[in-house]
Amino acid sequence: MRAQFVLSEIGVGLRRNLTMTFAVVVSVALSLALFGGSLLMSDQVNTMKGYWYDKVNVSIFLCNKSDAESDPNCAKGAVTDDQKKQIKADLDKMDVVQAVTYETQDQAYKHYKEQFGDSPLASSLTPDQMQESYRIKLKDPEKYQVIATAFNGRDGVQSVQDQKGILDNLFKLLNGMNWAARAVMALMLVVALMLIVNTVRVSAFSRRRETGIMRLVGASGFYIQAPFIMEAAVAGLIGGTLACGFLLIARYFLIDHGLALADQLTLINFIGWDAVLTKLPLILATSLLMPALAAFFALRKYLKV
């Protein structure tokens, strides 16, 4: 097979179906950009989980005098010194516990003022209305239920709260958005495949005289199919290159510069450039193989060579 002939046929095919080729390039670029974006979103969620789950605490809030008057869990009165010592001793014995920090009412009041000082409620609160608490860091954040089972309902304990539950709601939202992006990506891939198949068929129909002559002179099936397959592969590769460019530009302008989310959202540990760069070869390989395979199977039925 002469490479020059195949290359010239590729150029002819792309020029003859310029509008459909452009549609293929755009659809492949958008679908693969969404594909890469969904992969990066998964990496981002996993990175955030690892970062935040390592920092979450389980809090055991102790009854104060106000709770004793209004909360059924504190019906036996405010927590006593003996109860606090027993809770601390039991926590120290538990294998799942990595560290325990005690927060006094004054410390809780100070932290509240720092975080919610502008709230109208802050001006009416006094330190004795705040709750003492034990802040527990677990070796495994998934073991919250062990603490809850051991201390919920105990005398002097108002409630046991797991910060991980708050984060779980956020991660459920992010995962939902990620699956929505994947659904759109799948739809775009179907559209891209249909465009590729139609483009190949139109190209084959427009050159049916040439392919008929090549059949008569004994050209092999693969020799006839090769230009069409490579046309689709080239169009797909252009789309894949554009998709890679979209991802690089989005990472640069959204996180590092432009919106500079890395500077504005300092609480989020954003994925690095290495995560983006490792996805680019996969996107390029997909952009090359997907159109080529779609064209190959379409031509088997259409050309019957």
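Is Y252 buried, exposed or partly exposed, and what is its relative accessible area? I started my notes there. Y252 comes out as partly exposed, at a relative accessible area of 35%. I keep in mind that this is a predicted model.

**Entry 1: the rings**

I searched the whole structure for aromatic pairs and got 3. I note two of them here. Y102 with Y134 is a tilted pair. Their centres are 5.3 Å apart, and the planes make 45 degrees. Y102 belongs to strand β2 and Y134 to strand β3, so this pair ties together parts that are 32 residues apart in sequence. I then checked the cover on each ring residue. Y102 is partly exposed, because its relative accessibility is 31%. Y134 is buried, with a relative accessible area of 5%.

Y252 and F253 form an aromatic pair as well, and I logged it as edge-to-face. The centre-to-centre value is 5.0 Å, with 85 degrees between the planes. F253 counts as partly exposed, at 45% relative accessibility.

**Entry 2: charges over rings**

Which residue has its charged end over the ring of W273? I found R251 there, with its charged end 5.0 Å from the ring centre. I also looked at W179. R182 lies over the face of W179, 4.5 Å from the centre of the ring.

**Entry 3: the sheet**

Next I traced the strands. An open sheet is built from 4 strands, in the order β2-β3-β1-β4, with antiparallel pairing. The edges are β2 (97-103) and β4 (157-162), each of which pairs on one side only. On average, neighbouring strands in this sheet are turned by 15 degrees against each other, direction ignored.

I went through the pairings in sheet order. β2 and β3 (residues 133-138) run antiparallel and are joined by 6 bridges. In that pairing, A99 stands opposite K137 of β3. β3 and β1 pair antiparallel over 4 bridges. Here V58 faces I136 of β3 as its opposite residue. β1 and β4 are antiparallel too, paired over 5 bridges. L62 is the residue opposite V157 in β4.

**Entry 4: cover on β1**

How many residues of β1 are buried? I get 5 of its 5 residues, and the strand is mostly covered. I then sorted the residues of β1 by direction. V58, I60 and L62 point one way. S59 and F61 point the other way, and these residues of both groups are buried.

What lies across the strands? I found helix α6 (residues 144-151) across β1 (58-62), β2, β3 and β4. Relative to β4, helix α6 runs at about 170 degrees.

**Entry 5: K88**

I came back to Y134 from another side. K88 sits in helix α4 (residues 81-93). Which residues does K88 contact, leaving aside its neighbours within four places in sequence? I list V100 and Y134. K88 and Y134 are 46 residues apart in sequence, yet 8.1 Å apart in space, C-alpha to C-alpha. K88 is partly exposed, with a relative accessible area of 29%.

**Entry 6: cysteines**

How many disulfides does the structure hold? I count 1. The bond joins C63 to C74, with S to S at 2.0 Å. The torsion about the S-S bond is about -80 degrees, so I noted this disulfide as left-handed. C63 lies in the loop between β1 and α3 (65-70), and C74 lies in the loop between α3 and α4. The pair therefore ties together parts that are 11 residues apart in sequence. Are C63 and C74 buried or exposed? I find C63 buried, and C74 likewise.

I looked up C244 too. C244 is buried, with a relative accessible area of 7%.

Notes:
Residues are numbered from 1 along each chain as its sequence is written. This is a predicted model: local features need pLDDT of at least 70, side-chain atom pairs count only at pLDDT 80 or more; totals for chains, interfaces and linings use all residues. Side-chain values use heavy atoms; hydrogens and water are left out. Two strands pair if DSSP finds at least two bridges between them. Helices (H or I, at least four residues) and strands (E, at least two) are DSSP runs, numbered from the N terminus. Axes are lines fitted to C-alpha atoms, for helices over the stretch in contact, and angles run from 0 to 180 degrees between N-to-C directions. Contact means heavy atoms within 4.5 Å. Rings of Phe, Tyr and Trp (its six-membered ring) pair if their centres lie within 6.5 Å; planes under 30 degrees apart count as stacked, over 60 as edge-to-face and the rest as tilted. Buried means under 20% relative accessible area, exposed over 50%, partly exposed in between (1.4 Å probe, protein chains only). A charge sits over a ring if NZ of Lys or CZ of Arg is within 6 Å of the ring centre and within 35 degrees of the ring normal. A disulfide is a pair of cysteine sulfur atoms within 2.5 Å.
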